[in-house]
Amino acid sequence: MSTSDQRWAMKRRGVLAGMTAFLAAGCQKVSESTTGRSLLDAAQGWHQGANRLLGGRTGMAKEYDRSERSPFFRGNGSVNPQNGDYQEQVAASFANWRLEVGGLVNNPMSLSLENIRALPQRTQITRHDCVEGWSAIGEWTGPQLSTLLEAAGVQDNARYIVFRCADNLNGQDYYESVDMIDAYHPQTIVAHLLNGEPLPVRNGAPLRMRIEKQLGYKHPKYLTGIEAVASLDDIGDGKGGYWEDRAGYQWYAGI
Amino acid sequence: MKKHVLSTRLWHWINLISIVILFMSGLNISNAHRRLYWGDWGFAPEHAWLEVPRFPGWMTIPDFYSLAQARDWHILMAWPFAVALLFMWIAMIVNGHFKRDLTTTRTEWKPAAIWDDIKQHAKFNFDHGEGKYNFLQKFSYGMVLGVFLPMMVFTGMAISPGMEPVWGWFSDLVGGRQSARSLHFIFAWLVFGFFVVHLLLVIVHKPFQQLRDMITGGKA
């Protein structure tokens with residue numbers, strides 16, 4: 001390229017970059033305004049509404065054949081928590097792990113892994129879709145969340161189920177939440193087996209949620225508590241989950 | 001009779017805005033995981049058929065890496081894009097634009113006729129006799145309206161886990177969720193390719209009149 005060609009190329013690139021920067025700045029302005037923010041938040045509600053309208057409340061995520069499983073199921077986010085007594089729990093093979101079921105319920109419960117394994121089980125081979133774009137297929141086994149919620153007697157004013165976790169990422173405890181429709185979905189299970197084996201630490205040992213019609217960050221690992229609540233306002237920063245609070249991820253993760 | 005009816009003009013500009021924002025926020029989303037796979041799953045380099053480059057900030061919305069904000073824009077603009085496309089198809093069929101201006105005839109598909117059209121285009125000779133568009137225009141507009149843009153909507157729905165119960169058959173049809181994701185990426189660049197050629201052809205052929213006509217409708 002001659003110097004004038006180079007100058008022209010730079011100029012053209014400058015104009016293009018300038019135009020896109022203008023657009024990006026415009027978008028930034030919109031997303032920072034109150035109206036803009038509420039529009040962006042409303043859009044995820046439209047998707048959720050459309051999903052529910054078309055697929056119904058209990059529309060099922062695809063279940064695969066054993067032969068279609070990924071040869072390995074990668075871990076993401078926390079893969080080996082170092083906080084609290086987690087490492088001692090690992091050393092003790094989770095013999096003292098408890099799952100607390102509480103909040104707006106008539107019979108709060110504290111369950112051991114034995115108790116959880118004694119409940120009716122569901123096994124499903126499903127695809128895990130990460131918000132970043134990758135997918136993996138695994139076979140998950142555990143009781144349906146609805147079994148636990150029915151045993152605990154969820155009160156009428158409860159609108160969400162909050163999941164508490166043993167891992168602490170960047171100084172904040174991981175937590176997530178779903179509405180009652182997804183909480184009672186037949187494929188929403190408290191998994192303790194992956195491909196017939198106890199969950200590996202990287203996949204959330206000893207317990208993780210499976211919320212199959214939503215993206216991976218909705219499936220909390222290292223599960224210690226299930227809480228029925230009327231509002232998400234006073235939990236964490238009030239946005240309903242770790243990534244929602246921390247980075248502004250969409251609370252409805254079915255998109 | 002006006003050159004472009006109101007529904008065409010309205011759709012054209014809504015579509016432009018939504019496509020630009022969808023494309024640029026899509027490039028930001030692509031930066032979150034730059035490998036593409038075929039089939040239903042994939043997460044490691046050895047499964048990938050392509051590792052795409054990281055797109056620089058000036059090409060993305062927002063202009064820094066933020067998967068959350070990019071998804072916000074993508075999720076919002078998917079609606080005007082998809083709804084306007086549906087509206088445009090209904091309007092085109094109802095007002096006769098599709099049948100009158102976009103359907104091709106058997107004679108137009110003759111290789112000699114196509115070759116002649118390509119030669120005329122290469123010479124920047126855009127005068128053609130009867131009808132609004134020549135074969136290449138009908139063909140490219142037809143492909144964009146009938147294949148590229150609908151495929152963006154369909155593959156987008158196939159990537160959404162919430163759509164799985166109703167739209168899972170489409171992922172299966174194209175070979176799996178990761179195939180749908182790969183196609184979403186490929187068709188996005190085909191739309192971009194059309195956008196560039198479309199813009200260049202407008203620039204070389206009466207740009208101000210064309211721009212004005214797409215705003216006001218123009219004279220018969």
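How many residue pairs are in polar contact between chain B and chain A? In this predicted model, the count is 20 residue pairs, with both residues of a pair at pLDDT 80 or more.

## Composition of the chain B side

Helices H1 (6–30), H2 (67–94), H6 (164–173) and H7 (177–204) of chain B are the elements that each give two or more residues to the side of chain B that touches chain A. Of these, H2(B) provides the largest share, 10 residues, and the residues on this side of chain B divide into 22 nonpolar, seven polar and eight charged.

## Extent of the interface

In terms of contacts, 37 residues of chain B meet 52 residues of chain A. The two chains bury about 3900 Å² between them, and 63% of that area lies on carbon and sulfur atoms. Phe43(B), Trp58(B) and Pro161(B) together supply 17% of the area that chain B buries against chain A, which is more than any other three residues contribute.

## Salt bridges

Six salt bridges are found across the interface of chain B and chain A. One of them joins Asp129(A) to Arg177(B), with the closest N and O atoms 3.5 Å apart.

## A sheet in chain A

Within chain A, four strands form an open antiparallel sheet in the order S3-S4-S8-S9. Strands S3 (122–129) and S9 (197–198) of chain A stand at the edges and have a single partner strand each, so one side of each is left without a neighbour in the sheet.

Strand S4 (residues 135–142) of chain A pairs with strand S8 (residues 193–194) of chain A in the antiparallel sense over two bridges; Thr141(A) has Leu193(A) in S8(A) as its bridge partner.

Methods. Residues are numbered from 1 along each chain as its sequence is written. Chains are lettered from A and ligands numbered from 1 in the order in which they are written. This is a predicted model: local features need pLDDT of at least 70, side-chain atom pairs count only at pLDDT 80 or more; totals for chains, interfaces and linings use all residues. Side-chain values use heavy atoms; hydrogens and water are left out. Contact means heavy atoms within 4.5 Å. Buried area is the accessible area (1.4 Å probe) that two parts lose on being put together, summed over both. A salt bridge is a side-chain nitrogen of Lys or Arg within 4 Å of a carboxyl oxygen of Asp or Glu. A polar contact is a pair of N or O atoms within 3.5 Å; within protein, one must be able to donate a hydrogen and the other to accept it, and residues adjacent in sequence count only if both atoms are side-chain atoms. Ala, Val, Leu, Ile, Met, Phe, Trp, Tyr, Cys and Pro count as nonpolar, Asp, Glu, Lys and Arg as charged, and the others, Gly among them, as polar. Two strands pair if DSSP finds at least two bridges between them.
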